[in-house]
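Good morning, and thank you for coming. Please look at the sequence and the structure as I put them on the screen.

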Amino acid sequence: MTDIAGAAREGLLALSVAAGMAVMQAMFEAEIVETCGPKGKHNRGRAAVRHGSGKGSVTLGGRRVAVARPRARTIDGHEVPLANYAHFAADDMLTQVVMERMLAGVATRRHARTAEPVGTQVDKEAKSTSRSAISRRFVRQSETALAELMSRDLSGLDIKVLMVDGEHMAERCVVVALAITADGTKKPVGLWDGSTENKTVVRSLLADLVDRGLAFDDGLLVVLDGAKALSAAVREVFGAKALIQRCTLHKRRNVADHLPDKDTAWVDAKLVKAFSHPDPSTGCATLKALLHNWIRITLARPRRCAKGWRRCSPSPGWASTAAWPRPSPPATPSSR
């Protein structure tokens, strides 16, 4: 209670941690009593005896905190593991906290400073917060997660859609495959390291997915960014069973790159409406209307030329727009 009262001055979280540590020690003692019997009472039928205490550590808020753990041994001298201590000392929670902070952009040297304020006494005893310790744990967990991803069995998944795209990271191009099952669940199923989104890399990735049980006998919708190398690899691995769809997000990005900044938002909203419409014919009509509307706006917009400000004339390739009404040009500003 003295320790808990002292922690109360440092805030509610520190008070909660101190109370939790006291409860944990009480749980250790209760398990020892259950295993060895009450302390100081002779019992010839007991299967284990107390064996003092030892140094240990438990996981607490992204750090390891030193604790004293009770020990017990069987009558023939073997160590008795304590289930409560094994639960609190597990590294799963510590690894999870490290991964979350690293993925959120917290540098290894700032890991200790971003930890929760759990009290001065606990911070003094904390371990596993150095840059090297955080880096080793992150690398180890990343290797484990990557191995699990690359060895996952796909035969039990009812995959209907496969999305393939390249992501550039640290001067490398990683081709990623994301599967969508029949119930709409998205699952990352593989990635392949390469220099570019070339046919060889994508073909190796797709062949690995097939070896791990990806079924495509009933057909497969493959969504790509429009790269010819990706399409060639998909046709080579899946043949006529695959239906290739151009990613609408890449289409929107490509269109936005050709637009002025003031027109990007409303044009993109029109594209989203057209692409997401359940009726394909209506969506196609929306896109055609957007094209005609954009041509009208472009022709009516004044442009700077050698002779001053005037409205642009249609190019020869847009002869179909000749019947459109032409607005009269504005008066030339006197300041120009």
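First, a word on the source. This is a predicted model, in which local features need pLDDT of at least 70 and side-chain atom pairs count only at pLDDT 80 or more, while totals for chains, interfaces and linings use all residues. Residues are numbered from 1 along each chain as its sequence is written, and side-chain values use heavy atoms, with hydrogens and water left out.

Let us begin with the whole protein. It contains 11 helices and 10 strands. Here helices (H or I, at least four residues) and strands (E, at least two) are DSSP runs, numbered from the N terminus. Of the 336 residues, 29% count as buried. Buried means under 20% relative accessible area, exposed means over 50%, and partly exposed lies in between, with a 1.4 Å probe and protein chains only. A contact means heavy atoms within 4.5 Å. Among contacts between residues at least 6 apart in sequence, 50% join residues at least 24 apart.

Now to the sheets. Two strands pair if DSSP finds at least two bridges between them. β1 and β2 run antiparallel and are joined by 10 bridges. Between β2 (residues 64-74) and β3, which also pair in the antiparallel sense, there are 2 bridges.

Please find V65 on the screen. V65 is the bridge partner of V58, and V65 also stands opposite A126 in β3. The hairpin of β1 and β2 has 4 residues between the strands, and in it G61 takes a positive phi near 55 degrees.

The other sheet is also open, and its 5 strands take the order β6-β5-β4-β7-β8 with mixed pairing. Its edge strands are β6 (186-194) and β8 (242-246), each of which pairs on one side only. From one strand to the next, the twist averages 25 degrees. Angles here run from 0 to 180 degrees between N-to-C directions, and axes are lines fitted to C-alpha atoms, for helices over the stretch in contact.

What joins β4 to its partners? With β5, β4 runs antiparallel over 10 bridges, whereas with β7 β4 runs parallel over 3 bridges. M169 stands opposite R172 in β5, and the hairpin of these two strands has 2 residues between them, with A170 at a positive phi near 55 degrees. On the β7 side, M163 stands opposite V223, and L162 stands opposite V222. Helix α7 packs on this sheet, touching β4, β5 and β6, and its direction makes about 140 degrees with that of β6.

In soluble globular proteins, nonpolar side chains tend to be buried together. A nonpolar core is a set of buried Ala, Val, Leu, Ile, Met, Phe, Trp, Tyr and Cys residues joined through side-chain atoms within 4.5 Å. Which residues touch the most other members of the largest nonpolar core? Of its 23 residues, they are L162, V164 and F238. At least two residues of this core come from each of β4 (159-169), β5 (172-181), α7 (199-211), β7 (220-224) and α8 (228-238). α7 gives the most, with 5 residues. Leaving aside neighbours within four places in sequence, the contacts of L162 include A177, L206, V222 and F238. Another core lies apart from this one and has 15 residues, among them C36, V67, V80 and L82.

Next, a helix pair. The axes of α4 (residues 92-103) and α6 (residues 131-150) come within 10 Å and cross at roughly 95 degrees. α4 and α6 are therefore roughly perpendicular to each other; the cut-offs are under 35 degrees for roughly parallel, over 145 for roughly antiparallel, 65 to 115 for roughly perpendicular, and oblique for the rest. In this contact, L94, T95, V98, M99 and M102 of α4 meet I134, R137, F138, Q141 and S142 of α6.

Lastly, S130 lies in the loop between β3 (126-127) and α6. Is S130 buried or partly exposed? S130 counts as partly exposed, because its relative accessibility is 38%. S130 and T108 are 22 residues apart in sequence, and their C-alpha atoms are 7.5 Å apart in space.
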